[in-house]
Amino acid sequence: MTFIGKAIHIGVDLALATTCLAGIKRNTGLSFKLDAVENETAREYTKKYLNMGDSMYDYAVATCGSSKYFERK
Ligand SMILES: *[C@@H]1O[C@H](CO)[C@@H](O)[C@H](O)[C@H]1NC(C)=O
């Protein structure tokens, strides 16, 4: 695989992982413990990464909510 292909693959995986974490947080209240990240810089980035997942989760919910292929039960 090319380098670009690999980079995209890793990016998609990371995006799915953070969206999944956001979903777990919404459904169970369990969220990643930021205090566990020792390095302040790394913690800032982790926070941004998790917020990104939150936005994508919201976006996915909004998209599904307005789609005729989904219904609320
Ligand atoms: C955190 O890690 C980064 C990159 O490894 C480093 O440059 C920085 O000095 C570290 N910050 C702290 C507060 O340890």
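Contact is taken here to mean heavy atoms within 4.5 Å. On this criterion, the buried residues of helix α2 pack against helix α1 in the predicted model.

Helix α1 comprises residues 3-28. The helix has 26 residues, and the distance from its first C-alpha to its last is 37 Å, close to the 38 Å expected at 1.5 Å a residue. Its buried residues are T18, A22 and G23, and these pack against α2. Residue I8 also belongs to α1. With a relative accessibility of 54%, I8 counts as exposed, because the cut-off for that class is over 50%. I8 contributes, together with F3, I4, V12 and L16, to a nonpolar surface patch of about 580 Å². Helix α1 is followed by G29, for which phi is positive, near 80 degrees.

The loop between α1 and α2 contains F32. A relative accessible area of 42% places F32 in the partly exposed class, since this class lies between the limits of 20% for buried and 50% for exposed residues. When residues up to four places away in sequence are not counted, F32 touches V37, T46 and L50. Of these, T46 and L50 are among the buried residues of α2. F32 and R72 are 40 residues apart along the chain, and their C-alpha atoms are separated by 28 Å.

Helix α2 spans residues 40-65. At the N-terminal end, α2 is capped by N39, a side-chain oxygen of which lies 2.9 Å from the backbone nitrogen of T41.

The buried residues of α2 are T46, L50, G53 and D54. As stated above, the buried residues of this helix pack against α1. T46, located in α2, is assigned to the buried class because its relative accessible area is 18% and the cut-off is under 20%. Apart from residues up to four places away in sequence, T46 touches F32, L34 and V37.

Definitions and conventions. Residues are numbered from 1 along each chain as its sequence is written. This is a predicted model: local features need pLDDT of at least 70, side-chain atom pairs count only at pLDDT 80 or more; totals for chains, interfaces and linings use all residues. Side-chain values use heavy atoms; hydrogens and water are left out. Patches are made of residues with over 30% relative accessible area and no salt bridge: like charges are joined within 9 Å, nonpolar side chains (Val, Leu, Ile, Met, Phe, Trp, Tyr) within 5 Å. Accessible areas come from the Shrake-Rupley method with a 1.4 Å probe; for residues, only the protein chains shown count as cover. A salt bridge is a side-chain nitrogen of Lys or Arg within 4 Å of a carboxyl oxygen of Asp or Glu. Helices (H or I, at least four residues) and strands (E, at least two) are DSSP runs, numbered from the N terminus. Buried means under 20% relative accessible area, exposed over 50%, partly exposed in between (1.4 Å probe, protein chains only). The expected span of a helix is 1.5 Å times one less than its number of residues. A polar contact is a pair of N or O atoms within 3.5 Å; within protein, one must be able to donate a hydrogen and the other to accept it, and residues adjacent in sequence count only if both atoms are side-chain atoms.
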